[in-house]
Amino acid sequence: MKLVVLYPQPKDVQKFNSDYNEHILFLNKKLNIPADMTAYEVTDFVSGPFGEPAYYKMWVMPFDSQEALNAALSTPEFQAVAADVNRISNGGAPTLMIGA
């Protein structure tokens, strides 16, 4: 299972990038992710032959099962991270999805 966050194009790219970098440090601290471990993947979208992408960045964190994902999402630590996700997204609400 994967938790996916899609950030829309920001109104202020420089502020988003600054806030996002602080958010990642906050996330790693809240979820106790060691500095040398990559527990998630990040994709930065770029313009291409189809024009400007609807999304600026995608963050994906894998989980072993739906139960593990649900358990993580219910913790106070993950709730704090989720609130921060919304705070930094200055181009509108992020899209959150769960996939297999």
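**A tour from helix H1 across the sheet**

Select helix H1 first: its buried residues pack against strand S1 (2–8), strand S2 (41–44), strand S3 (55–62) and helix H3 (76–88). The model on display is a predicted one.

Display the side chains of H1 next. The buried residues are Phe 16, Asp 19, Tyr 20, His 23, Ile 24, Leu 27 and Asn 28. In an α-helix, residues three or four places apart point the same way, because there are 3.6 residues a turn.

Now place a distance between the end C-alpha atoms of H1. The helix covers residues 13–30, and these 18 residues should span 26 Å at 1.5 Å a residue; the end C-alpha atoms lie 25 Å apart, which agrees.

Move to the two ends of H1. At its start, select Asp 12, where a side-chain oxygen comes to within 3.3 Å of the backbone nitrogen of Gln 14. After the helix comes Asn 32, which has a positive phi, near 55 degrees.

Turn to the strands. Four of them make an open sheet, with the order S2-S3-S1-S4 and antiparallel pairing. S2 and strand S4 (95–99) are the edge strands, each pairing on one side only. From one strand to the next, the twist averages 15 degrees. H1 packs on this sheet and touches S1, S2 and S3, and its direction makes about 10 degrees with that of S3.

Select S1 and S3 together. These strands run antiparallel and are joined by seven bridges. Within this pairing, Leu 3 has Met 61 of S3 as its bridge partner.

Stay on S1 and select Lys 2, which belongs to this strand. Is Lys 2 buried, exposed or partly exposed? Its relative accessibility is 40%, so Lys 2 counts as partly exposed. Beyond its neighbours within four places in sequence, Lys 2 contacts Val 60, Met 61, Pro 62, Met 97, Ile 98 and Gly 99.

Which side chain does Lys 57 join through a polar contact of 2.4 Å? The partner is the side chain of Asp 44. With neighbours within four places in sequence set aside, the residues in contact with Lys 57 include Phe 16 and Tyr 20, both among the buried residues of H1. Val 5, Leu 6 and Tyr 7 also contact Lys 57, as do Val 42, Thr 43, Asp 44 and Phe 45.

How values were computed: Residues numbered from 1 in each chain as written. Predicted model: local features only at pLDDT ≥ 70, side-chain atom pairs only at ≥ 80, totals over all residues. Heavy atoms only, no water. Helix = DSSP H or I, 4+ residues; strand = E, 2+ residues; numbered from the N terminus. Expected span 1.5 Å × (residues − 1). Buried < 20%, exposed > 50% of the residue type's maximum accessible area, 1.4 Å probe, protein only. Contact = heavy atoms within 4.5 Å. Polar contact = N/O pair within 3.5 Å; in protein donor to acceptor, adjacent residues only side chain to side chain. Pairing = 2+ DSSP bridges. Axes fitted to C-alpha atoms, helices over the stretch in contact; angles between N-to-C directions.
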